[in-house]
Each structure stands twice: as C-alpha cells, then as structure tokens.
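Trainee: I have a protein model open and I'd like to learn how to read it. Could you take me through a few features?

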Amino acid sequence: MTTDKSDSASASEPMMEVRYEFTPVLADILSHIKASLMVTTYQAGKLLVLGVHNKSLRISFASYEQPMGLAIDRDRMALGTRRQMNFLQGKREVAASVEPKGTWDVCFVPRTSTWTGNIHGHDLAWGNDGLWVVNTLFSCLCTLHEDYSFVPRWKPRFISQLADQDRCHLNGLAMKDGQPAFVSAMSETDTPAGWRPNKATSGVLIDVASGETISRGLAMPHSPRWYQGRLWVLDSGCGALATVDLATGKREVVEKFPGYVRGLSFLGQFAFVGLSKIRETSIFGGVPIAEDRHNLKCGVGVVDLISGRTVAVFQFLSGVTEIFAVEVAQGSVCPYVAGASTDGKEHDVWVVPPIGKVPAVSTRPPWFSQTASSAESRQQSIDQSELKTGVPVWSTVVSSVSPVAPAASTAVAPQLPSANTVMARPETTRLEDWLEHNPNDAASWITLGNLRQEQDRQSDAIVCYERAVSADPRMAAARQNLGYLLFNQGYPERAMAVYDELLTFDASPMNRLLASSVLPTVYRSNEDIQRWRQRQHTALQRMVDDGIVVDASRNLVPTTFFWAYQGLNDVALMNLRGSVIRGSSMCKSAGSPSPDGRLRVGFLSAYFRNHTIGRLNIGRIEQLDRSKFHVTVCSAFAGQDEFTQRFRQAADSYVVVSRDVSKAIEAIRSLDLDVLVFADVGMDALCSTLAFSRVAPVQCVTWGHPETTGSREMDYFLSSELLDLPSAQEHYSERLIRMPLTGTWYERPAEPAVDPEFRKRVGLPTTGSLYVCPQTLFKIHPDDDVLFRRILEQDTSGHLIMIDGRVSEWASRLKARWSSTMASVFDRCLFLPSLPHPDFLRLLQVASVVLDPLHFGGGNSSYEALAMGAPVVTLPGEFLRSRITQALYATMGFQDLVVSSIDEYTSLAVRLANDAEFRAGTLRSIQTSSHRLFENAQEVRCLEETLLSLHNPTRQ
C-alpha cells in the first residue's frame, strides 16, 4: 500500500488534514483503461481527482460547497452542489499551459452554472435531452432550463404531488440508450420523509417507462446503472454491489464491501464503488452494516467484473468520511480541474478566441441542454413562476425577499403526469431576449427581477424592478418589490422614496404597512434613530386613526426584524402595529383531551436548521419528557441539513408548513395542539404573519428574536428571571413569564483543530491585542462607537475585529459613520469576510477580549465564546436583548466580567488584554464554571413545568 497525506488548504479555507492510502495497482488500472476517476464528498466539500502521470497516481482536490451528483461525458462535466449545478468544459489545448507544465492532458474549466435551490440532487446523468437530475427533495426526475429552478419530467406513480418533502428519497438513476430507464428509492411512501421508519428493508428499484416496481426489500439502495446488458445497483445498507434480474426482481451479490456503498461507475472490465463510514445517528439504525460501524472504511473500491473481486482500493484514513458520487472520466488520464486545490495553489485559467477572431453572439440555449428552445408565450413563463420558492408574496403577480434570510417554501407545485408519461420540455424565449424587443413589458421585468433575486444577484434585481417602474410607473407590484429590496439591501432612503411615490396612487393597507416598516440597518447617529422612529410612529398612528386593517389570514406581512436594534422600548410601536394587522381568530378553549394524557406542544420556526434558532432549540426538543409531552415540530423551512434531520428524529410529529398563509393556518389548527411555542417572531415573514392568528388554544413566543410581537393572539412571552428584570412587563404586549432558568438545553460546541497559521491565514494582525466583536453589523448602535473608541485609545496596540455584513452596504454605512465618530482609531478597525464555522470558533479562541454590544448583545455567539474559553465583557441594559450574556454568567456563577458603566467596561477590557496574570486567572474561572451552561437537564425541567402551567393556569 502507498500512504500519503495532505494537511494544507487554500488561503481561504480552514486547514484540514487528509490522510489516505491506496494500492499501487490502481494507477496501472487507470492507465490501462485510459481514464481518471473523480469522486465527490459533500461532507468535506471536495472533488477528488485521481489521475495518472509518469505511471504514478496523481491526486488533487478542488473545493465546492457540498458537492453531490456528478456526470461526465467526455469533455463536459456537470457537478451538483448545495443549491446549483456547475458546468465545466474540458479544454485540451489549455492543459499544456497549466503548471506544472506537461502534467495534464485536459483542463476542465468552469463555464456556467444554474441555480436550482437546495433540491438535494443526487444522481446526475447526461442523456439525449441534456442533463437529467434526480431531484430527491421533490421526489421526481427533472431537467434544467434557464428560466426555471428545474423542469419536472417524471415521478413515481405512488407520489401524489410535486412537493418539497422528500417523500420516498428518490436518489439513483440508470440511463439506457440516452433515456432514463431505472431509478432507486428508499421506499414507496407518499408522506413527508415517509421513507425513514422502514428504510432498512423498504428500498426499491422502479422501471421508469412502465412505472412498475421491479425489485423490493433493499436496504437504502443507491446508484442503479445499466452496463453490459445488465442492471446493477448498490444495496448500500448491506455494503453490496449486486445485479438485478428484470423478470423476477431477484438480486445477485457480486461483491461486498466494508462500508456504506454509494457512487458507482463502470469502464471496461472494472466497476468503481464509493464506500463511506456512517454517522452515529438513527438515520442508519437497523441497516446491516451498522452492526459493524466501527470497522467501516471510506474510499473507492475497484472490482474486476471478470473475477467479481476487489482488486484495488483508495482509502481515506482521516479528513474524509463520506463519499457521494464516483465517476470515470474516459479519455482523460490526468485532468486538471480549475479552482482551489489542497496544495494551496490556485491557477487562473483563461479561455479566449484567437487574436483577430471575434465570435458571433448568439441566442443559443444553455449548454446543459441538448436542444434549442423555441418560443412560448410570456404568460406561460409567468405561470411557471409558482415553482419558485423562498420569497414572501406582496401581490398576486410578484414576490419579494424576506428580511435577514428568505425561508424555503413548501408550496405544492402542479400535479405531474402519471409515471409512464414523459413530460414535454417547456419551450420559452429567454426573458432577456423578450425584453430586448419588448422593453415596456413591466410584468416581465418583475419576473426577471424575481429570478435575479433567487440567483442572489440583488443589484441586478434592483435594476430589473427599476425598469419595471419605468415601463409602468403605476404598477404597484413593481414599486412594492423595488422598495422592499432596497430596504433589505441597506438603502432605506431610496426605499422610502419609492414607497412615498407608490402611496400617491395606491394607498392600500398593505402598501401603507410596507412603508411603515422601512428602517435603516445601520444608523448614522442617535438623532437619525429618533427621526426614523418618529416617522414610523406617525405612519402607524395614522393607520390606526384611519381604521386601516391588514388581513394577515391570507397575506404575508412584512417582518419587524430591524425594529429591535434601536435600543429602545418598542412595545408602543408594536401595539400600534398589532391594532392594524388582524389574522384569523378561533375559540381559545382547549382542544379535545389527548388520548394518552400528554400535553400536545408544538414548536414553530423557519430556522429549525443549522442556524442560531436551530442550536437554541434542538436540545430542548430532544430532551422534553415524552411521558408528559407529545412534541410536534412545525418547520417553515423545506430544506434539509444535519440539524433538520435531528429535528425530524426528535419530534413525535414533524410538519413542513406551507408558505401559503391560509393553508398554514389550517394545517397547524388541524394538529389539535394544546400549546404552540413560536421559537422566534420577527425574522421570517410566514412565522411573523402566523403570530397574528389564533391557531392553538395557548400561544407563546420565546426569545429567539428578543422582541415583543404586539399581537393580540399571542398570550405569553417566555423569558427568565436571569434575562428580564422584575419591571420588564412594560416591555411586552404578551404576559411575561420569568422562568427561574432560561429553558435552553445547549450543546457544547466542539473545539476546532489547532491551526497555528490561523491569524496569518485570515489576515489578522500578528501582534497586538484583538478586541473581537463577532456580531452582525446591524447590532452596532451609535452608542457602541464611544465604547470602542475609548478602548482603542487606551490600548494603542489593539485592533477592533469585526465581521463583514451579509450585505455590503451595511459595512459601507458603518465604516462611513466610524470614519467620523472613531476617526482617531479607525485605521485599527479590521473587517473580516464571513468565516466558516470552524474559523469563527478559532477567531473566538484567539480573541484577547470579546466585546458584547451595549444594546443588543450576543446570544448564540456568547455560548460559543464561553465554550471556547474566550472572555466576554458585557454591560447589561434594561431590555432582554442586552442581558443574555450576563444571564449566561449568572448561570455559571461567575460575574467578574459583568460591568455597570462604560468606564468600567473600558478599563476591564483593556486590563484583560494586557494584564497576563489577571487574564490567566479569568480564563481559569471561565473554564471551570462554563460547564454549567451546557447540556443542563434542569433547564429542560424548568421549561416543562412552565409549559404545563400555561396549559393549566392553576399551576402557575
């Protein structure tokens, strides 16, 4: 065996040691078949390329975000990642110029990509109609088109509707004669995630043409392939490569492997099989290989089909634990994939026409399609927009973004034909081409703007909406979207001007509410806060005086996310808003008694995923006593990640809530809950809208977003004696419940691997104190400027470290303010780009001091900082949003870093950074007491008692 390792990464990536070994004969096999091997691993975010140069195996990696499906057809490659399909073209004439020169025989150059959204695409395959994609989330086969997220082409006959619910975990595709022939799925179920309970025995293979199931009883099957006149499949849960008899469905095992097999490719007499280790989760519970999980391997096995035996292996020893796709690149013996590689080098590759030759610009179809598109009507293009997801709808023809982060839609798309019907490919003129000849078509400009939003091309979307306004100045939808997008991109003055003009000809209740919701994300000064606040109050008061009512039982309403960052009591403003917004009411009496006597409690959020809200809630939901509670998780997020999987497993019932407001209301009511807990209100448009309707007898909200709702239908705000002062009821429209503890069972985050080059790699100063404020930029109040300036003035070698905002304008506005308010120290204020989570934790580890903002402090970040042993200085204020860090310290029984004035804050921060003995003692205290914050069962018992008392007030 040959062993090697790679322990470096590109400059923008966290360091990761990857150790591997392989049999030397692997290079001989690849040379013999004149091919290379490409392997994706979404767990490590890499595309592994195994080529041969000078008779030796040449190993390289390219970085992608969660790479999954892979398809290679000579000199074209398709690679599916988290939310998009990437297309690369093999350029043999370019390869010779790539360093080290003379190594590569083809260079795969990125040419284009298409945004699909997170459809959980598994197998990809090139066919007569271009690229086919197994769309696992929507349980269908699809192709791609430039005007749509995807084009549904086929679904199993047992799937009743196209919905983003992963009903059967359709995952594999076998092509035959250029057409889809067979698919694999984990079950024949038609309910959200219905495949999970019986996954060890419910796997199936389905004939696409007939829709008939031809083989049952597999354990989590993957990667069906048609090769040499036979159907092959990986029986993944059994670790087996098998063939299938089409007449009987019987399977014959060819070879077994010490791993979860996924990813299969053939060339010549060889089969290449991906092997993975399995995670310590219930996802793999019951499958045969789980009995020997500690001996499983990760890598690629090569099977000689003549002998039926494994003749070569490539095995990862560390760094990579899961393989997704395995593809042979025929005719490419040593390919180079342009992009960052693990040797720390990155080669820019340019492809240009010969000098003097200017290629003609054509309206050719996207190159992921085999055939050209023909025209259809613009209205058909607009009708297809209902397949778009993730945006609140403000009118019947147009959608817009939600503040902070758009939540994925769960809207059910149109019915698909039966299984034995091949759907016609939609034929449409490209919107850009249409608009070139029809520039006054405002509706098409809106459609294109919506598409640009989905592609995260917000500046282009603004231009499209501006063109729509120019084309039809009185089209309300164009101004609605333009105003809301400008607001969210940090241009409140421009947004307000758009709404002011809109209200001159369409002063509808929704338009007035939209106008009243515009606020800056970063204020110029305290006086600026007062001006905007007065404008907001005046607009809401006039709506109340005019008897305006906005119907929240059918329409999404804008969120109030940015309201909480002014540092003031918002209850009066929220109550005015609550007088305007009316949802659907129902009798507040309790539902029918639970048959088993347990309290039926639901938890609602769009962020039950890898997000602050997910981290704050997963533990409490997993730990609630099931002898007392039946727990339903209501997720307004249709995607999946490691956290959504945990929420599904932890819940007694898991419901994906429709993004259609009226459907969502009815669906939650039908659950017959006793208590519904809103994990957050004000962040997601749907959950914020539902807060104004009565969907459960008892409704409460907690501090995922620490702000009152103003809703007449929200009964309680769940807080804590540690978070809110005794006088805090005046901050809430709900009845305030001050629990003894916070009610949060929080997992201690694992410390990242040591990276001695971290400071240099991310661009931190190598000397001097690091005052780190790891908060989103809209938390930085003008009052914080005084504090930060004083600290840097006292520590002349110190640097203030911030993290750039999601929107570039936020940082631009803050820097403009600081160039005035912090002019004397501004050159020592450093803004880092957004960091991967391991690097974020490393930043906390190297911080001399973590600074908690004055008016809206850390929550999740404070948990993480204290877990990393970082000292966080905090000055608690009047409102909950400034008191979370001190609540954590109170739980720890450690108050040394909780101060009562800006002067005390400044002197303590500077002393921590510069007095080594004092700092060491402080860190020891944090280390010895921080364990009380994490995985504390008493927190959940406290929440349980509170929930029981809400349902039965006599217990209070």
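Trainee: Let's start with a helix. Which elements do the buried residues of α14 pack against?

Mentor: They pack against β30 (599–605), β33 (675–678) and α15 (685–690). Contact here means heavy atoms within 4.5 Å. Helices (H or I, at least four residues) and strands (E, at least two) are DSSP runs, numbered from the N terminus. Before we go on: this is a predicted model, where local features need pLDDT of at least 70, side-chain atom pairs count only at pLDDT 80 or more, and totals for chains, interfaces and linings use all residues. Residues are numbered from 1 along each chain as its sequence is written, and side-chain values use heavy atoms, with hydrogens and water left out.

Trainee: Which residues of helix α14 are buried?

Mentor: In α14 (residues 661–669), they are Val661, Ala664, Ile665 and Ile668. These residues sit on the same side of α14, because they cover an arc of only 100° around the axis. That arc is taken from the directions from the helix axis to the C-beta atoms. As for "buried", it means under 20% relative accessible area, while exposed is over 50% and partly exposed is in between (1.4 Å probe, protein chains only).

Trainee: What share of the 956 residues in the protein is buried?

Mentor: Buried residues make up 61%. Take aspartate 123, in strand β10 (residues 121–127). Aspartate 123 counts as buried because its relative accessibility is 11%. Leaving out residues up to four places away in sequence, aspartate 123 touches several others, among them Trp132, Asn171 and Arg225.

Trainee: What is the volume of the second largest cavity, and which residues line it?

Mentor: Its volume is about 80 Å³. The lining of the second largest cavity includes Leu568, Asp570, His731 and Arg881.

Technical notes: On a 1 Å grid over the protein atoms alone, a cavity is a set of points where a 1.4 Å probe fits but cannot get out, and a pocket is an open set with protein on both sides within 12 Å along at least five of seven lines; lining residues have an atom within 4 Å of a point. Grid points are joined across faces, edges and corners, and a volume is the space filled by probe spheres set on the points.
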